[in-house]
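Hi everyone, thanks for making time for this. Please have a look at the sequence and the structure while I talk.

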Amino acid sequence: MANRGYDGRDGIAAVQERVLNTGAKHDKARMLRANCERDLGSKFSAVYDYLSRVRSQNPPPEEREVQRRLLEIVGDKSKMNGTFQVDQLVFTEQMYRDS
């Protein structure tokens with residue numbers, strides 16, 4: 001490949017634009033949601049509603065309080081990884097909504 005003085009930034013932006021236009025972002029969110037629902041079962045909706053609310057608060061609550069409340073909702077430390085996935089889902093959906 002010839003050296004054209006190209007730093008790659010335009011290429012990344014072009015790829016991101018193509019990905020956004022393919023619907024891949026929605027597929028990612030759907031897959032993440034399905035995984036969260038599978039991992040948390042009946043607790044998913046409560047975790048999702050809570051995280052959607054607190055992640056849009058300004059100023060945001062202390063993270064320690066968020067984690068404490070999530071543990072109350074799921075009732076078992078072994079389910080806390082599922083709450084992290086829901087947090088990723090909420091972030092992803094907010095990011096896609098803003099794009």
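This is a predicted model: local features need pLDDT of at least 70, side-chain atom pairs count only at pLDDT 80 or more; totals for chains, interfaces and linings use all residues.

Residues are numbered from 1 along each chain as its sequence is written, and side-chain values use heavy atoms, leaving out hydrogens and water.

Let's start with helix α4, residues 63-74; helices here are DSSP runs of H or I, at least four residues, numbered from the N terminus. From first C-alpha to last, α4 reaches 16 Å, close to the 16 Å expected for its 12 residues, where the expected span is 1.5 Å times one less than the number of residues. Which residues of α4 are buried, meaning under 20% relative accessible area with a 1.4 Å probe, protein chains only? They are Val66, Leu70, Ile73 and Val74. Seen down the axis, these buried residues fall within an arc of 85 degrees, so they line one face of α4; the arc is taken from the directions from the axis to the C-beta atoms. After α4 comes Gly75, with a positive phi near 75 degrees.

Now the arginines. The charged end of Arg33 sits over the ring of Tyr48, 4.7 Å from its centre, and Arg69 lies over the face of Tyr50, at 6.0 Å from the ring centre. The rule asks for CZ of Arg, or NZ of Lys, within 6 Å of the centre and within 35 degrees of the ring normal.

Last, Gln85 in helix α5. Gln85 counts as buried because its relative accessibility is 16%. Its side chain makes a polar contact of 3.4 Å with that of Asp39.

Definitions and conventions. Helices (H or I, at least four residues) and strands (E, at least two) are DSSP runs, numbered from the N terminus. Buried means under 20% relative accessible area, exposed over 50%, partly exposed in between (1.4 Å probe, protein chains only). A polar contact is a pair of N or O atoms within 3.5 Å; within protein, one must be able to donate a hydrogen and the other to accept it, and residues adjacent in sequence count only if both atoms are side-chain atoms.
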